[in-house]
Amino acid sequence: MKNIYFTPGPAELYFTVEGHIKDALRAQIPSISHRSKTFQGIYQEAVENLRKVLDVPQEYHIFFTGSATEIWERIIQNNVEHKSHHYVNGAFSKRFHATALELGREAVAEEAAEGSCITPDAKQIAEDNELIAFTLNETSTGASQPLEDIYAIHQAHPEQLIAVDAVSILPHSKIEYSQVDSVFFSVQKAFGLPAGLGVWVVSPRSIEKANQLQARGLSIGSYHTLPSLLEKGIKNQTPETPNVLNIYLLAKVCGDMLEKGMDRIRQETEYKAALAYHCLEEHQQMKPFVENKAYRSKTVIVAETKLDSGEVIDQLKKQKLIVGSGYGSYKTKHIRIANFPTHSKEQFELLVDKINAL
């Protein structure tokens, strides 16, 4: 029996990836030019399938980068001249805010207690602010900002751009893209692919802002600017040699998800999450770290454990079940469990049975 990875990224590969890798190698996909017609077809297939999986409107663009971490920097460079406002609810949202500060912007952070989310107050956001940043799913703590909170801020500040870090929750969440301007993620989590590819969904307003800054002679970066991504993207190309193999795999896995049905995938995710949280609520040695059910992630379930998390991880590893340790200062106090589309209901039921036995 192989290990089953419930780690929140890198995670278990989507169950069809092995076959797609073999097909890619037979077709010599890793060796093709990123300016070839073959690659243009791969790019187009990836974008079209992603658009269907995520229900992205046609006027929004989909670009590929090296990672989601890179996109933090690209958003600030391309869409913020002076000020950004960040909602922080864990280590990764904190790092997005820090990136803005490192790039010399006046970046305000509203920080929630870890394991929770702030209920946003639109009055706290300056009128001359340019971008509002949310982390939809904080991978370090398992706290998930309700989409309704994001939409309410957009309604209150319709002229300000909205950026959403959706790294470990897509494709589960159904985002209303008309309410946001940047949505981004990396593929090594819920899409079940090898690491090394970021995906950035961008509104026309974001591209317009980048063009305005560039036209005024301001630097918007020297690599992966929105104008350069758009210039090549409309030709089904990238500015530089990308991770061709991963774009190919993303196209195929999105096709597999569409064949299975996104409604079914989302329903299974809800079932598995309910199973895991019920287990933790009844457990003598563990409990959900996120107390408020409204803020509990459906895709990264974080358990606070009275036992040393290393002992829990080792016991589960003996059963070929690999879960993640706590993040940062919570390393010995938490375990993190990924609930991604590749994890079957049967695998999750097995994991819960083994956790109940601890």
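Pro-120 sits in the loop that runs between β4 (106–111) and β5 (131–135); helices here are DSSP runs of H or I with at least four residues, strands are E runs of at least two, and both are numbered from the N terminus. This is a predicted model, where local features need pLDDT of at least 70 and side-chain atom pairs count only at pLDDT 80 or more, while totals for chains, interfaces and linings use all residues. Residues are numbered from 1 along each chain as its sequence is written, and side-chain values use heavy atoms, with hydrogens and water left out.

Is Pro-120 buried or exposed? Pro-120 is buried, at a relative accessible area of 16%. (Buried means under 20% relative accessible area, exposed over 50%, and partly exposed in between, using a 1.4 Å probe and protein chains only.) Skipping residues up to four places away in sequence, Pro-120 touches Tyr-87, Phe-134, Gln-145, Asp-149 and Ile-153, where contact means heavy atoms within 4.5 Å. Ala-152 is 32 residues from Pro-120 along the chain, and their C-alpha atoms are separated by 8.5 Å.

Thr-65 belongs to strand β2 and is buried, with a relative accessible area of 5%. Leaving out neighbours within four places in sequence, Thr-65 is in contact with Glu-70, Ile-71, Gly-196, Leu-197, Gly-198, Val-199, Trp-200 and His-224. Glu-304 is another story: 239 residues apart along the chain, the C-alpha atoms of Thr-65 and Glu-304 are separated by 34 Å.

Two of those contacts, Glu-70 and Ile-71, are also buried residues of α3. That helix is mostly covered, with 10 of its 12 residues buried; Trp-72, Arg-74 and Gln-77 are among them. From first C-alpha to last, α3 reaches 16 Å, close to the 16 Å expected at 1.5 Å a residue. (The expected span is 1.5 Å times one less than the number of residues in the helix.)

## Helix α6

Helix α6 covers residues 204–215, and its 12 residues reach 16 Å between the end C-alpha atoms, close to the expected 16 Å. Which residues of α6 are buried? They are Ser-206, Ile-207, Lys-209, Ala-210 and Leu-213. Looking down the axis of α6, these buried residues fall within an arc of 160°, so they line one face of the helix; the arc is that of the directions from the helix axis to the C-beta atoms.

The buried residues of α6 pack against β2 (61–65), α3 (68–79), β8 (161–165), β9 (182–186), β10 (198–202) and α7 (226–233). Just past the end of α6, Gly-217 has a positive phi of about 85°.

## Helix α9

The 21 residues of α9 should span 30 Å at 1.5 Å a residue, and the end C-alpha atoms are 30 Å apart, which agrees. Its buried residues include Met-262, Arg-266, Glu-268, Lys-272 and Tyr-277. Seen down the axis of α9, the buried residues fall within an arc of 165°, so they line one face.

On the face turned away from the buried side, α9 carries the exposed residues Asp-263, Gln-267 and Glu-282. The cover over the buried residues of α9 includes α2 (37–54), α8 (244–260), β11 (286–288), β12 (300–305) and α11.

## Two cavities

There are two cavities of 30 Å³ or more. On a 1 Å grid over the protein atoms alone, a cavity is a set of points where a 1.4 Å probe fits but cannot get out, and lining residues have an atom within 4 Å of a point. Grid points are joined across faces, edges and corners, and a volume is the space filled by probe spheres set on the points. The largest cavity holds about 40 Å³, and its lining includes His-172, Ile-265, Thr-269, Asn-339 and Phe-340. That lining divides into six nonpolar, four polar and no charged residues. (Ala, Val, Leu, Ile, Met, Phe, Trp, Tyr, Cys and Pro count as nonpolar, Asp, Glu, Lys and Arg as charged, and the others, Gly among them, as polar.)

The second largest cavity has a volume of about 30 Å³. Its lining is made up of Ala-276, Leu-280, Ile-337, Phe-348, Leu-351, Val-352 and Ile-355. The elements giving two or more residues to this lining are α9 (262–282) and α11 (345–356), and α11 gives the most, with four.

Notes:
1 Å grid on protein atoms, 1.4 Å probe; cavity = no way out; pocket = protein on both sides within 12 Å on 5 of 7 lines; lining within 4 Å.
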